Amino acid sequence: MISEFTLFTFETSTPEAVGIDSAAIAEFIKSVNTDKTVVQGYMLYRHGKLVASSIAAPYRFSDKRHVYSASKTFTSTAVGIAVDEGLLSVEDSVISFFPDELPDTISENLAAMKVKHLLSMNTGHDTDTLGRVVSREPNWVKRFLALPIEHKPGTHFIYNTPATYMLSAIITKLTGMYLVDYLRTRLFNPLGIDDVWWEKSREEISDGGWGIHVSPEDMLKLGVLYLNKGVWNGKRILSEKWIEEASSVHSDTSSNANSDWQLGYGYQIWRCRHDSYRADGAYGQYIVVSPDKDAVAVIISESSCMEKVLDIYWDTIHASMSDSPLPELSASCDIQLPPAAELPEHSDISIVPEKYKLSENRFGITDISLRIVDDILLMKLYGEHICAVEIACGNGRWEYNKISVCPLIPAAFLDVLAYGVRAEIAAAYGEKDGMIHISLQFVSTPHGMTIDIDQNKRSFVITRRLNHDVAPIELTLA
């Protein structure tokens, strides 16, 4: 159903009023933040109320951030709406949508592949097709359809992100709309979600399996919609039948070693412990729906140990949930997150305005210039294939920059997938060990990096925060 935008604000309560122990939330925060995991935000919802939330500076609740494969659940939701509207069925064959993109020979397995196999990651491919389909070249649909399919669809689960891209392509084929625009009037507007954007392929198709940029509150709204079996604020958005079907097991994942990844896969949704299910994005972007507890948890993080985030959530917050209200502890418990990135101290460091050439580097940056204007460090980056980009860095404080084409990729995973996508960067600088120390937090992603510049020794070192991935680069005067 097409709807106009409707503003919505969650009712609030204390954790104890809905049977959640604030001490358990504090323990979650204390236990989860390590050198391999930084929780950057969370929101807890139970019994119809938003009961606790926190965001780690320099992030803000309004930031629209890349949530990686949590995008898949938004894509599945779009398919569910299209099914409800009678545009397609999960039993439709995939090749029926793309008569002009088919290989010369259509194998028996390709002919047997249905929409439900794309949804359940059970296409019959023996291994993930990501590296064979997604590239800087167009025609991803054609490449996907041309791949060998070793197993009968429905008999072999493999996590296969291009299958989700195909779902996005199907929606665009049926409606003539980008996936994000199809959802705007059918999902985002009625839920009060605005300013969503979704990265696109060279074929101008929303990426589907990744690339959506939403806020933590947007994620919570989707989770609450599923918790309420497709009803939002008294209005039916998605059929209860689809919610049940999408959150049920369609693929066996029992061979996975991690407990929250071995309980089955639905329609772009993972089943997990405690009879719960979740949207799940790389580095720890979670929407956890627990119908038995009448609860939804949103957790956004940067983690190289994703299962740890869930383990601690189950052992602390989820385990504390009671059927009855608890004695109030919220006033005596610190349930606010520490900063996600260290803020450099204000300093009087002297910076010589210069332009430098950089040695060859993975970022494709050829030159950099530095200058200070009104206590703000302006760092300008140049590259062979990018326009010059200037980032304003606050002296001991965060400055926020909106970049239309970002040359710095803050995570290795994005090196392949991002084609100069736009970004929002919080930037600050100060002095550290006699060098210019710049902290960049890409608030439109989970990622950050530091840059240390020694003008005397002509050194420029970029360090990605996660796993301390260091990239030293030599400087010479331009």
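**Rings, charges and a covered helix**

Tutor: Let's start with a charge and a ring: in this predicted model, the charged end of Arg422 sits over the ring of Trp197, 3.9 Å from its centre.

Student: What makes the charged end of Lys200 count as sitting over the ring of Tyr178?

Tutor: Distance is one part of it: the charged end of Lys200 is 4.9 Å from the ring centre of Tyr178, and the cut-off is within 6 Å. The direction has to be within 35 degrees of the ring normal too.

Student: Okay, now ring pairs. How many aromatic pairs are there?

Tutor: The count comes to 16.

Student: Why is the pair Tyr159 and Tyr265 called edge-to-face?

Tutor: The ring centres of Tyr159 and Tyr265 are 6.3 Å apart, and rings pair if their centres lie within 6.5 Å. Their planes are at 85°, and over 60 degrees counts as edge-to-face, so that's the name this pair gets. Tyr159 and Tyr265 are 106 residues apart, so the pair links distant parts of the chain.

Student: How do you know which of the two tyrosines is buried and which is partly exposed?

Tutor: Check the relative accessible area. Tyr265 has 1%, and buried means under 20%, so Tyr265 is buried. Tyr159 has 25%, which falls between 20% and 50%, so Tyr159 is partly exposed.

Student: And what makes helix 2 mostly covered?

Tutor: Twelve of its 14 residues are buried, among them Phe74, Val79 and Ile81. Helix 2 covers residues 71-84 and is followed by Gly86, whose phi is positive, near 80°.

Key: Residues are numbered from 1 along each chain as its sequence is written. This is a predicted model: local features need pLDDT of at least 70, side-chain atom pairs count only at pLDDT 80 or more; totals for chains, interfaces and linings use all residues. Side-chain values use heavy atoms; hydrogens and water are left out. Rings of Phe, Tyr and Trp (its six-membered ring) pair if their centres lie within 6.5 Å; planes under 30 degrees apart count as stacked, over 60 as edge-to-face and the rest as tilted. Helices (H or I, at least four residues) and strands (E, at least two) are DSSP runs, numbered from the N terminus. Buried means under 20% relative accessible area, exposed over 50%, partly exposed in between (1.4 Å probe, protein chains only). The expected span of a helix is 1.5 Å times one less than its number of residues.
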